[in-house]
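Open your viewer, get your selection tool ready, and let us walk through this model together.

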Amino acid sequence: MLSLDFLDDVRRMNKRQLYYQVLNFGMIVSSALMIWKGLMVVTGSESPIVVVLSGSMEPAFHRGDLLFLTNQIEDPIRVGEIVVFRIEGREIPIVHRVLKIHEKYVKNLGGLYCRHLAKFSVFSRLKSPGLLFLVWKWFQTLLSISEPLPVLLSISKKDVGGSELHRAFKMQNGDIKFLTKGDNNAVDDRGLYKRGQHWLEKKDVVGRARGFVPYIGIVTILMNDYPKFKYAVLFLLGLFVLVHRE
C-alpha cells in the first residue's frame, strides 16, 4: 500500500519537480561520497568504518558491531592492538588482534652492530671521501642496509651510546612484521594467510580499531546475507527521496 502511494505521488509530479528531486538525490549521494573521502584522508585508512561480520573477536566485539579505524603511517603496530587487514585472495577484510611482533634487523643484528658503529663513530670522523665510501659499503653489506649514506651520517653525529642509532635502524628499514589471532579462536591466523605466508606486513593493514558502536551494523549484514532485502531497502529509499518535497 505504501509503495502504491509513492507511485501515485511520482505520477502527480511534473517534469520540473521530478528533475529537482533527481538532482536532490544526486546531491545526497555526492555529499555522502565526499564525507567518506574526507574520512579517508583524515584517518589515513581506505575504509574508516567497517562492520564486524563474524564472532571471532568475541567478547571484545560481536557480529554487527561498527568499528571506527585509523591508519597513520607513523604509528607503530603494537602487540594487543586490534587491526583490520586484507589477505591476498580474500575480498573481505578481517578484524583480529596482534599476537606477536617480528622485527627482523633490530632484534637480530641492529642492536649488536649499531653499538659498534656508534662506538667508533667512523662516519663522522673520516675526512677522505673515498675512504668514507669504502667503509660505508662495508657496513652496508654487513647490516644489509639500503639507506643512503647521509642518513647514517646525521644519526652517528647525534649519538655515542648507540640507543638513538638503534632506534634509527628500526625506523629506517621498517621491516616489522606481525602475527594475528582472533580472541575467540583457538589458533593464530597463519591458516588464513596465503600459502607460504607466516607474517603480515604494514601494507596489509586497512586500519586500527579506535572505537566502536555495538550492533548498529547488523543492517549491513542482513543486506549482505539477503540480497533481495538489500534491493528492497535501496528501492524504498530511492522512492522516498524522489517524492519527498520538503
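This is a predicted model: local features need pLDDT of at least 70, side-chain atom pairs count only at pLDDT 80 or more; totals for chains, interfaces and linings use all residues.

Residues are numbered from 1 along each chain as its sequence is written, and side-chain values use heavy atoms, with hydrogens and water left out.

**Stop 1: the sheet**

Show the strands (DSSP runs of E, at least two residues, numbered from the N terminus). Seven of them make an open sheet in the order 1-2-7-3-4-5-6, with antiparallel pairing; two strands pair if DSSP finds at least two bridges between them. At the edges you will find strand 1 (49-51) and strand 6 (200-201), each pairing on one side only.

Now select 82-85 and 94-103: these are strand 3 and strand 4, antiparallel and joined by four bridges. Look for Val84, which stands opposite Val95 in strand 4.

**Stop 2: the rings**

How many aromatic pairs does a search of the whole structure find? There are two, where a pair means ring centres within 6.5 Å (the six-membered ring for Trp), with planes under 30 degrees apart called stacked, over 60 edge-to-face and the rest tilted.

Select Phe61 and Phe212, an edge-to-face pair at 5.1 Å centre to centre and 75° between the planes. Phe61 sits in the loop between strand 1 and strand 2 (66-70), and Phe212 belongs to strand 7, 151 residues apart. Phe61 is buried at 7% relative accessibility, whereas Phe212 is partly exposed at 41%. Here buried means under 20% relative accessible area, exposed over 50%, and partly exposed in between, using a 1.4 Å probe and protein chains only.

Next, pick Phe85 and Tyr193: their centres are 6.5 Å apart and their planes at 80°, so this pair is edge-to-face. Phe85 lies in strand 3 and Tyr193 in the loop between strand 5 (176-181) and strand 6, so the pair ties together parts 108 residues apart in sequence. Both Phe85 and Tyr193 are buried.

**Stop 3: the pocket**

Finally, select the lining of the largest pocket, which includes Phe25, Trp36, Met223, Lys230 and Leu237. A pocket is an open set of points on a 1 Å grid over the protein atoms alone, where a 1.4 Å probe fits, with protein on both sides within 12 Å along at least five of seven lines; lining residues have an atom within 4 Å of a point. Helix 9 gives the largest share of this lining, five residues.
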